Amino acid sequence: VEVAIAAAEAISKYKKDKDAAEALVTTAGGRKEKDVIVKCLRYAGDTEFRAIAGKLAGFLRHRDVEIVHEAVDSFAKLKAKDGIDPLLNLWKELDGIQDNVKNNENDGGLGATIGGSLTNSMQDDQVKRKNELTPAVMTAFEKCTGESPKTMKEANDWWRKSKATFKEVQ
């Protein structure tokens, strides 16, 4: 694990290098160790090679919040136009998570209790995901676009109007 992380860090020194950036994303996708995946994603962003944005997008669907967070942070470093749609899609997904869903307590029966506990736990995980990732997505969107929308809807509306003429932030 340490060797893989050290190698990834060394590779990240090759700024705007296609092979370096793609090697880091490929390594992140092929490893099982969370530490290695997180570092590879971080270092992929450090290469500043914007064309990897599409390959990074797959990590936004990962179940591990820390891995998703690192991918979002790499989008912020890349400031790539190709990263804006994936960021908006994640923001929309996070925005759809309800903060305080209460199960109907009148369901009765043991099955409802067991299912309800499981549902509450899953809901808690989703709310935690939303709370941890939404600020990071908003920051990444701002760094990529130079815009500071307060809501996902404002961001979406701005992007719909601006996408055709948008120039990447330097």
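Helix α6 covers residues 84-95; its twelve residues reach 16 Å from the first C-alpha to the last, close to the 16 Å expected at 1.5 Å a residue. The expected span is 1.5 Å times one less than the number of residues, and helices are DSSP runs (H or I, at least four residues) numbered from the N terminus. The model is predicted: local features need pLDDT of at least 70, side-chain atom pairs count only at pLDDT 80 or more, and totals for chains, interfaces and linings use all residues. Residues are numbered from 1 along each chain as its sequence is written, and side-chain values use heavy atoms, with hydrogens and water left out.

Among the residues of α6, I84, L87 and W91 are buried. Buried means under 20% relative accessible area, exposed over 50%, and partly exposed in between (1.4 Å probe, protein chains only).

The structure holds 14 salt bridges, each a side-chain nitrogen of Lys or Arg within 4 Å of a carboxyl oxygen of Asp or Glu. One of them joins D46 to K77, with the closest N and O atoms 2.8 Å apart. This pair links distant parts of the chain, since D46 is in helix α3 and K77 in helix α5 (residues 65-78), 31 residues apart. R50 and E168 also meet in a salt bridge (2.8 Å, N to O). R50 lies in the loop between α3 and α4 and E168 in the segment after α8 (152-162), so this pair ties together parts 118 residues apart in sequence.

Most residues other than glycine have a negative phi. K16, not a glycine, has a positive phi of about 55 degrees; E48, not a glycine, has one of about 65 degrees.

Definitions and conventions:
Helices (H or I, at least four residues) and strands (E, at least two) are DSSP runs, numbered from the N terminus.
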